[in-house]
Amino acid sequence: MSRAGVLAIALFALGAIIAPFMLKPFGIFLISMWAVLTIAAIGLNLTLGYAGQVSMAQGAFVGIGAYTLALLTQAGVPYPIAFVASGVLCFAIGWLLGYPALRVQHHYLAFVTLAFTTIVFLLLRNEEWLTGGIYGVNAIKRPVFFGWNTGKAMDYYFFCLGVLSVISFAVWWMLRSPWGRAFVALRENPVRALSLGLDTRRYTLMAFAIGSMLGGFSGALFASLVQFIEPASFALNRSFDLLLMVIVGGSGYFMGPFVGALISVLLPEWMRITEGYYLIIYAALVMVMMPLAPYGIVGLIERGYKSLTTKRGQQKPASVVAERAAP
Amino acid sequence: MLRKSLTLPATIAAFAAFTAAASAQSTATSVYMPAIVELSGGGAVSGTNYRDGMILAMEEINAKGGILGKKIDMPLLDSQSEAGIARSQVQKVLDNKPYVIMGPVFSGSVMTSMLLAQQAEIPQIVGGEAPAITQRGNPFVFRTSFGAQFSMPKVANYVRDGAKAKSVAILWVNNDFGKGGRDSFVKEMASRDIKVVADISTESGQADFSADVVKIKAANADLIFVYTNEEESARFLREAKKQGIKTPMVGETTLLGQKVLDLAGDAANGVKGHVGLTVDAPIDAVKGFAERFKKRFNYVCDHNGMKGYTAIYMVKHVTEKVGKFDSKAFAETLHGLTITPAQEPGILMEATWDKNGDIDRESFIGEVVDGKQKIVATLPKLGLK
Amino acid sequence: MASFIQLLVSGLATGAIYALIAVGFTLLWQTSQTINFAQGEFVMLPAFFILIAMNHGAPFWLACLVGIATSVVVLGILFKFIIVDPMLKHGVLPLVISSIALALFLKEAVKDFYSSQAQPFPVLVSAGDFHIFGAVISSQSLVVLGVAIVTVVGLHLMLNKTRLGRMMQATAQNPTLATILGVPVRKMVLYTFLVNAVLVAIASILISPIYLAKFTNGETLGMAAFLAAIIGGFNQVRGAILGGIILGILDNLSAAYLSSQYRAAFPLIILIVVILVRPQGLLGRVEERTV
């Protein structure tokens, strides 16, 4: 990892820790939402950025996770168990969904996941006996750990931030392991990976299932953050939103989801001056960005920084692949 | 990588500066009453109507000097039709000590945000119609239209006494709007021993109703109750006419709205129903409002526009009655209060708020004759206390 | 029985519209690997071009011509040169994202700058119903069906019987080889975009009297076209037609006989089954250019 990279992450972490002390409750809600959605985006980035598969089901996994947590805690299951169950269930469903879908090459996972998302929405809406139907589940509790009550906005933010840190570290570690490097090899050159004897399908499936699991964890945090969930929150738009987040931030870059989620959460606030027009502007910005910088903001910054240092004659030997895997 | 490290502190600084700039609290010359409405997403149509109704009332009031000499300052915040965002927007405006909060319209968004306003003891004037909103003992939430638990008994009485039906088929739209109405209606039917022989859910945005009409035909009910949004109502009526359905059709407010009549043409003739808040009400004040609205915004407003408009005038009247800007006194005064058009022309129709925050108004039984809504009976207020 | 025929006939009329939209969708995919997630919005938009022209005093027929011409410029030429071309070198995925953003952009633009309300739209023929085997079909549905068939047959003839059409097909099937054979590939790709623009404009004129012009129309239509294309076969024009018709009929039958609450799920289940069992679609051929 480059020194600039370490510095950047340290500053980012510092910013995340001091931010709530400078913000009012609404600001704290927004950065909590950022932490929650970042987890889902990290998961999607595994599927999209590393395994090279488009998933349009990440919003549905967030929904499954959210409903699992809400329904289990309301049935009296302790929070930690419900939380873990959210992720595990999504892992299992991801596996079952991906296993057949990945037999078929290429963009077909996108189509299957697109269908899956709509079916999940219909189930959440129609199976009222279980999910509360269109009116959703209300009054979802926030956890208490050993006397630490996360009911207040600031406490819950630090809980989300804690979970985000643990997950980020786990994913970072995973991508640095030999197993994770196979992921990267897979994305960079699937044919070569195959010829080197990698079982590409198994790795891709694993990436998708783990990505789905992170969607589930994100959903669990989402449920207690908003304390109310309804089916419409997890319809196709949520999946599109997460997809845009990962792309805008920089798919395949470790920091991409962090930046993408930050923009997605803060943009409506920044653009409040434009009243109802922020969606138009957001859409236009994405369209402008895609041809100019398809590797996203982090990709753009990294390339800019690289060309800057190269000009100064300090060319670094690290390959793009290694840099991407472990910034 | 380096530039990014600069972006975050810059972001936080910009963000902090921004929230500071947005703290437009009530001042000596203005009163801060923010609105949280569905300006984008699935509820955009309802939300923009509610917003435009409020804007029209605000402009009229401000042009005449405001409330107690203070201009209304009503920033608009978009809930994006999402409960989570609505809740956080309410949280945000609460930081700035609002006098009252206007909106949201979606019931789900109301349910999640009303607890916050209750804790802060700020009245919230909402557009939601789900029964549960006023059944939680929240003394700071006020409706602007009937909850489904009050409009449906009126329809049900008509089904039993007016149409003398023994069995009904229900066609409803499976969303936030349709589900609540359908549930209340089914309950009312059960308590009147009227059999529901077909219970057909439709999708919002659905264009092809041939399957639904085939099912309704097969059910052979005495009467069909239709509870869908405007465009879907019109498409259904057309398809029903095409397939030659002769069974009487009854609806609630939307089915007899002008928009449906415009879109459905002669397929709507003969449709009957209960009409709550409507710009087609045979009341001059309402007609005048509808014209001003049309002139200002260039479209015909629906009942949400009327909800927004009357809500602002309700705030004005209650405040003037209290004589100062006191949020708690506002809520206390509004419970059990009746406002008549003579006292406050902008209220359009006499309205009473009960101890739960439910609203009570006159309503109508209408029938469509030659493509026009005709009011055949006026139903008195329920007499809520 | 009468009700079954009714469902079949109504489904056929709806399916014909889906087919029309799906055909353009597959054409774009074949020639330029464009998965256009804004295809539904492309159908929503021309109706508003026409309404704007009529607001400026144009009679309906003229407004329709203006609408088709504007579509060709905006949804054909501009779409290709501004959105698609700069993205092509980045592969399939970035273009998918761009088209998702474009869909959002078009929808919001219509809502904010025209109206959020449904708008009545003039009908091509005055109302009138026909009775066939106990089923009722409106003259409007017949016109939709007729125009859709004529358009599709015309397109089929153009693609298979003319030199231009064969060059377009060659481009679709193997651009490299087509270039070697002297086919002006870039021009052919542009033509498919123009054809798509005309198709969506026609679809818009056909459906808007029934659907009413509204900014959200694209959501269901785009999804339907997408499903039709995959079910029928992503790389075959006739596959898209079959897919559209299956979808229209299936939707009606499942809503009537299975469950109306889950009517939206049945086409998706079919989609998943098709992808697993016959990934190239019912009529599609296996693509050789994967990886």
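## Domains of chain B

Between domain 1 and domain 2 of chain B, the count of salt bridges in this predicted model is 0. Domain 1 of chain B comprises 29–146 + 284–353, and domain 2 of chain B comprises 149–275 + 363–379. Taken over C-alpha atoms, the centres of the two domains are separated by 29 Å. Domain 1 of chain B supplies 11 residues to the contact and domain 2 of chain B supplies 10 residues.

The size of an interface is often expressed as the accessible area lost when the parts come together. Here domain 1 and domain 2 of chain B bury about 840 Å² between them, with 61% of that area on carbon and sulfur atoms. On the side of domain 1 of chain B, the residues losing the most area to domain 2 are Pro131(B), Phe146(B) and His303(B), which together make up 53% of what that side buries.

## Salt bridges

Over all chains, a search of the whole structure finds 26 salt bridges. One of them joins Arg143(B) to Asp358(B), with the closest N and O atoms 2.5 Å apart. The two residues are 215 residues apart and the pair links distant parts of the chain: Arg143(B) belongs to strand β7 (residues 141–143) of chain B, while Asp358(B) sits in the loop between β14 (351–353) and β15 (359–361) of chain B. Arg143(B) has 0% relative accessibility and therefore counts as buried. Asp358(B), at 2% relative accessibility, also counts as buried.

Two further salt bridges involve pairs in chain B. In one, Asp52(B) pairs with Arg51(B), the closest N and O atoms being 3.1 Å apart. Asp52(B) is buried, because its relative accessible area is 5%, whereas Arg51(B), at 21% relative accessibility, counts as partly exposed. In the other, Arg182(B) pairs with Asp183(B), and the closest N and O atoms are 2.7 Å apart. Arg182(B) has a relative accessible area of 17% and is buried; Asp183(B) has a relative accessible area of 26% and is partly exposed. Arg182(B) and Asp183(B) also belong to a network of salt bridges that links them with Glu128(A), Lys179(B) and Asp199(B).

## Nonpolar cores

The largest nonpolar core contains 210 residues. Within this core, the residues with the most contacts are Trp34(A), Leu46(A), Phe111(A), Leu221(A) and Ile229(A) from chain A, together with Ile35(C) and Phe37(C) from chain C. The element giving the most to this core is helix α2 (residues 25–50) of chain A, with 18 residues. Another core lies apart from it and has 80 residues, among them Met58(B), Leu263(B), Val286(B) and Ala311(B).

Leu221(A) can be taken as an example from the largest core. With its neighbours within four places in sequence left aside, Leu221(A) is in contact with Val36(A), Ile39(A), Tyr79(A), Phe83(A), Tyr156(A), Phe159(A), Cys160(A) and Val163(A).

## Helix α2 of chain C

Helix α2 of chain C covers residues 39–55, a run of 17 residues. Gly57(C) follows α2(C) and has a positive phi, near 100°.

How values were computed: Residues are numbered from 1 along each chain as its sequence is written. Chains are lettered from A and ligands numbered from 1 in the order in which they are written. This is a predicted model: local features need pLDDT of at least 70, side-chain atom pairs count only at pLDDT 80 or more; totals for chains, interfaces and linings use all residues. Side-chain values use heavy atoms; hydrogens and water are left out. Helices (H or I, at least four residues) and strands (E, at least two) are DSSP runs, numbered from the N terminus. The expected span of a helix is 1.5 Å times one less than its number of residues. A nonpolar core is a set of buried Ala, Val, Leu, Ile, Met, Phe, Trp, Tyr and Cys residues joined through side-chain atoms within 4.5 Å. Buried means under 20% relative accessible area, exposed over 50%, partly exposed in between (1.4 Å probe, protein chains only). Contact means heavy atoms within 4.5 Å. A salt bridge is a side-chain nitrogen of Lys or Arg within 4 Å of a carboxyl oxygen of Asp or Glu. Domain bounds come from an automatic or database domain assignment. Buried area is the accessible area (1.4 Å probe) that two parts lose on being put together, summed over both.
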